[in-house]
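Hi,

Here is the model I promised to pass on.

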Amino acid sequence: GRTRNLTNPTDIGACDAFFYVGSPVSRQVWRVEGGGFSIRPVFGSGVNGRKNTKESAAQVSLALLGGFLSDDLRFSAPMGVTGSAGRVFVTDSDACTIRSVNLIEGFSRTVAGGGGRNGPDELEEGALFTGYGDSESSGPRALFQYPTAACNYDTVDSILVADTLNHRVKVVNTRDKKAKTRNFIGSGIAGSSSGSSSSSSSSD
């Protein structure tokens, strides 16, 4: 792993027994194995886009082998990574979406964002800043603007997302297929004032 070239890593998150690294320049997510002695790309074809794998028995076999590298899975800029209970969550920053890869059932999907009035839920190419905005809602109707990081929150079904250009931190509940997104910290106005989480200002 120490001699392997890795371009522009932006975040690292744990899921079960492994660590995963976001690499937006290569448009892939890499996995750290063997205590850091091995690292390799496991999610994403490297082609710019917003495209998900489908549920099938073949995909389950592919997941068990440890990766989704075919053109069936495309990211635009996978920056933030976190995970739990067999699912890896990725903030696809340029596509303004939260994506998940199900390691057990063998498919990926868009958990939240990207499907608002400005763009469809899935684009094979040209996913740069489509479907962006600032909205509390469910599934694709929840809007983000350049989400850059994520971490686990209070349960295995909740994650916190840094919605960077909206100057907010949001909670995404991933239990349901159409995940509910709500504001958690930040007023949406850049600043550094102190106060309660709903009234505080966050700055980049």
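Accessible areas here come from the Shrake-Rupley method with a 1.4 Å probe, and for residues only the protein chains shown count as cover. On that basis the chain has an accessible surface of about 9,300 Å², with 52% of it belonging to carbon and sulfur atoms.

Before the details, some housekeeping. This is a predicted model, where local features need pLDDT of at least 70 and side-chain atom pairs count only at pLDDT 80 or more, while totals for chains, interfaces and linings use all residues. Residues are numbered from 1 along each chain as its sequence is written, and side-chain values use heavy atoms, with hydrogens and water left out.

**Overall layout**

The chain has one helix and twelve strands; helices (H or I, at least four residues) and strands (E, at least two) are DSSP runs, numbered from the N terminus. Reading from the N terminus, the order is β-β-β-β-α-β-β-β-β-β-β-β-β. Of the 204 residues in the chain, 50% are buried. Buried means under 20% relative accessible area, exposed is over 50%, and partly exposed is in between (1.4 Å probe, protein chains only). If you take the contacts (heavy atoms within 4.5 Å) between residues at least 6 apart in sequence, 48% of them join residues at least 24 apart.

**Cores and rings**

A nonpolar core, as used here, is a set of buried Ala, Val, Leu, Ile, Met, Phe, Trp, Tyr and Cys residues joined through side-chain atoms within 4.5 Å. The largest one has 13 residues, and Tyr20, Phe43, Val88 and Leu103 touch the most other members. Strands β4 (38–43) and β6 are the elements that give two or more residues to this core. There is also a second, separate core of eleven residues, with Phe89, Phe144, Val161 and Ala179 among them.

The structure holds two aromatic pairs. For these, rings of Phe, Tyr and Trp (its six-membered ring) pair if their centres lie within 6.5 Å; planes under 30 degrees apart count as stacked, over 60 as edge-to-face and the rest as tilted. Tyr20 and Phe43 make a stacked pair, at 5.6 Å centre to centre and 15 degrees between the planes. That pair links distant parts of the chain, since Tyr20 is in strand β2 (residues 18–23) and Phe43 in strand β4, 23 residues apart. Tyr20 is buried at a relative accessible area of 1%, and Phe43 is buried at 1% too.

The other pair is Tyr153 with Phe184, edge-to-face at 5.3 Å centre to centre and 65 degrees between the planes. Tyr153 sits in the loop between β9 and β10 and Phe184 in strand β12 (residues 180–185), so the pair ties together parts 31 residues apart in sequence. Both are partly exposed: Tyr153 has a relative accessible area of 33%, and Phe184 has 23%.

Two charges also sit over rings, meaning that NZ of Lys or CZ of Arg is within 6 Å of the ring centre and within 35 degrees of the ring normal. The charged end of Arg31 is over the ring of Phe18, 4.2 Å from its centre, and Lys170 lies over the face of Phe144 at 5.0 Å from the ring centre.

**Salt bridges**

I counted a salt bridge whenever a side-chain nitrogen of Lys or Arg is within 4 Å of a carboxyl oxygen of Asp or Glu. That rule gives eight salt bridges.

- Asp157 bridges to Arg87, with the closest N and O atoms 3.0 Å apart. Asp157 lies in the loop between β9 (147–152) and β10 (158–163) and Arg87 in strand β6 (residues 87–92), so this pair ties together parts 70 residues apart in sequence. Asp157 is buried at 11% relative accessible area, as is Arg87 at 15%.
- Arg40 bridges to Glu33 at 3.1 Å between the closest N and O atoms. Arg40 is partly exposed at 27% relative accessibility, whereas Glu33 is buried at 15%.
- Arg99 bridges to Asp92, again judged by the closest N and O atoms, which are 3.0 Å apart. Arg99 and Asp92 are both buried.

**Backbone**

Asp16, in the loop between β1 (11–15) and β2, has a phi near 60 degrees, a positive value in a residue other than glycine. Asp16 is exposed, at 56% relative accessible area. Arg27, in the loop between β2 and β3 (28–33), also has a positive phi near 60 degrees, and is partly exposed at 27% relative accessibility.

Cheers
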